[in-house]
Amino acid sequence: MKKLISLLMATAMTASLLSGCSGGKETAGTQAPAQQTEKTEQTEKTEAAGGEQAASGDTIKIGTLYPLSGDVAAIGNNIMRGIEFAVEEINAGGGIKGQKLEIVKGDTQGDSKIAMSEAERLITQENVVAILGAYQSGVTEVVSQTTESYQVPMVTAISTADQLTTHEYEYFFRMAPSNMMFLRDMVQYLADLKDEAGKEIKTIAVCADNTLLGQETSKWAQYWADQNGIEFLGEVLYTKGAADLSAEVLQLKTMNPDALVVDNYISDGILLTKTMAEQGYKPEVMIAKATAYIDPSYIPAVGAAANGITTAAEFNPGAKGKEITDAFKAKYGVEMNGHSAESYTATWVLKTAIENASAVEREAIKDALSSLKIEGSFPGGSEIILPYDVIELTDTEFNGVAHKNTNTGAKLTILQIQDEAYQTVWPFNIATAKPEIPAKYE
């Protein structure tokens, strides 16, 4: 009981602390102790109810928590496509243990307070056995505390902030590569350009929003630059959802790095690209940490100004699972990208864990996720379509910091926008095109 009360207090406090510093409108107030005690008693009742319903109901309910409205709704709804597509496949194949999967949606609106409320609704009213979510790392931080307090397994396919897996939470699992992994592979690409493309990168700078995500991006860019003998010139951070980035672009022009490293949500990514075009700022190499730059709305919004920009991605289009990606495009009219491929895969991960669990209930599913190891393909399902062949959610340590339940084998590819289309340019042995340097931006 004391543990649950403590975790619920931490949830409310973190929601408040994260307000304005992580992706989305993340604000929350602090609950009164009496309310927390009442919620804890409800938790115990709900845990039992959730287990009973999972075992005897007509469907197995899984919750999803993504921004389905608000300024990043386009990304949230694209993430949901991957989940819905996977659930259709799973149910068409007979479901799980004779039961169909049922998606129960929660809309975070990109707001941590709303996300916490939606998580509690899914757990206490809808009795879901597990949750997939969320998108912005700051929102996921709050939701993960909520699911931990209610002892409900949660899998994130998208959120990359390193600190998410440093809390020793037993019920929170991260399948996505972390910020550390993203920047590791992005800077390695920059270092590899010397031998493979004849371009030596001697200096880099970072442009990102001043959120948990952006701050970690800057930290790891500097770390990996130092490891590769590249000089880090500095960072230009701005408030998420900026109305004007002219001053920031002017700063970047003055710094004049050999390579510009960026991490922006969709509206900021579009604004940054357009402002760079207006000011005639054309760094020879610009590399992004996915986010805005793989969103289906990005290229249509900026057009040829995107040509030459590179982006790390969790998914290598056409390399694996072509039958799956072709069927996805036929259904939704858009290509599967890193976000939808990750959420598709996370759904299959959860499905496999539920099948392996001793019972269709929260505690058993958590235990199954902890011992899960998938190699090559899912039992009774598709191959792993991401750019690696093993998924295992394990404990590890990096740079003196312990991480729990994280997918340490996750790897990235680097895509470049050429003629307003994505081409794989790294790793070089699987590239579909050579990197164009300097970038055209036209």
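Residues are numbered from 1 along each chain as its sequence is written, and side-chain values rest on heavy atoms, with hydrogens and water left out. Because the model is predicted, local features need pLDDT of at least 70 and side-chain atom pairs count only at pLDDT 80 or more, while totals for chains, interfaces and linings use all residues.

F85 is buried at 7% relative accessibility, where buried means under 20% relative accessible area, exposed over 50% and partly exposed in between (1.4 Å probe, protein chains only). Ring pairs also join F85, F328, Y332 and Y344 into a cluster.

Y135 and Y265 form an edge-to-face pair as well, at 5.7 Å centre to centre and with 75° between the planes. Y135 lies in the loop between β3 (130–133) and α5 (137–150), and Y265 in the loop between β8 (259–263) and α9 (266–279), so that the pair ties together parts 130 residues apart in sequence. Y135 is buried, with a relative accessible area of 5%, and Y265 is buried at 3%.

Rings also meet charged side chains: the charged end of K289 sits over the ring of F182, 5.0 Å from its centre, and that of K366 sits over the ring of Y171 at 5.1 Å. A charge is taken to sit over a ring if NZ of Lys or CZ of Arg is within 6 Å of the ring centre and within 35 degrees of the ring normal.

Two packed helices are described by the angle between their axes and the distance between the axes. Axes are lines fitted to C-alpha atoms, for helices over the stretch in contact, and angles run from 0 to 180 degrees between N-to-C directions. Helix α12 (residues 338–356) packs against helix α13 (residues 362–370) at about 115°, with axes 8 Å apart, and the two are therefore roughly perpendicular. Helix α4 (residues 112–124) packs against α5 at about 30°, with axes 9 Å apart, which makes α4 roughly parallel to α5. Here angles under 35 degrees count as roughly parallel, over 145 as roughly antiparallel, 65 to 115 as roughly perpendicular and the rest as oblique.

In α12, V349, L350, A353, I354 and N356 meet I365, A368 and L369 of α13, contact meaning heavy atoms within 4.5 Å.

N405, in strand β13 (residues 401–407), is buried, with a relative accessible area of 3%. Not counting residues up to four places away in sequence, N405 touches several residues, including T165, Y169, S370 and D395. G95, in the loop between α3 and β2 (100–107), is buried at 10% relative accessibility. The C-alpha atoms of G95 and E355 are separated by 9.7 Å, although these residues are 260 residues apart along the chain.

How values were computed
Phe/Tyr/Trp six-rings, centres within 6.5 Å; stacked < 30°, edge-to-face > 60°. Helix = DSSP H or I, 4+ residues; strand = E, 2+ residues; numbered from the N terminus.
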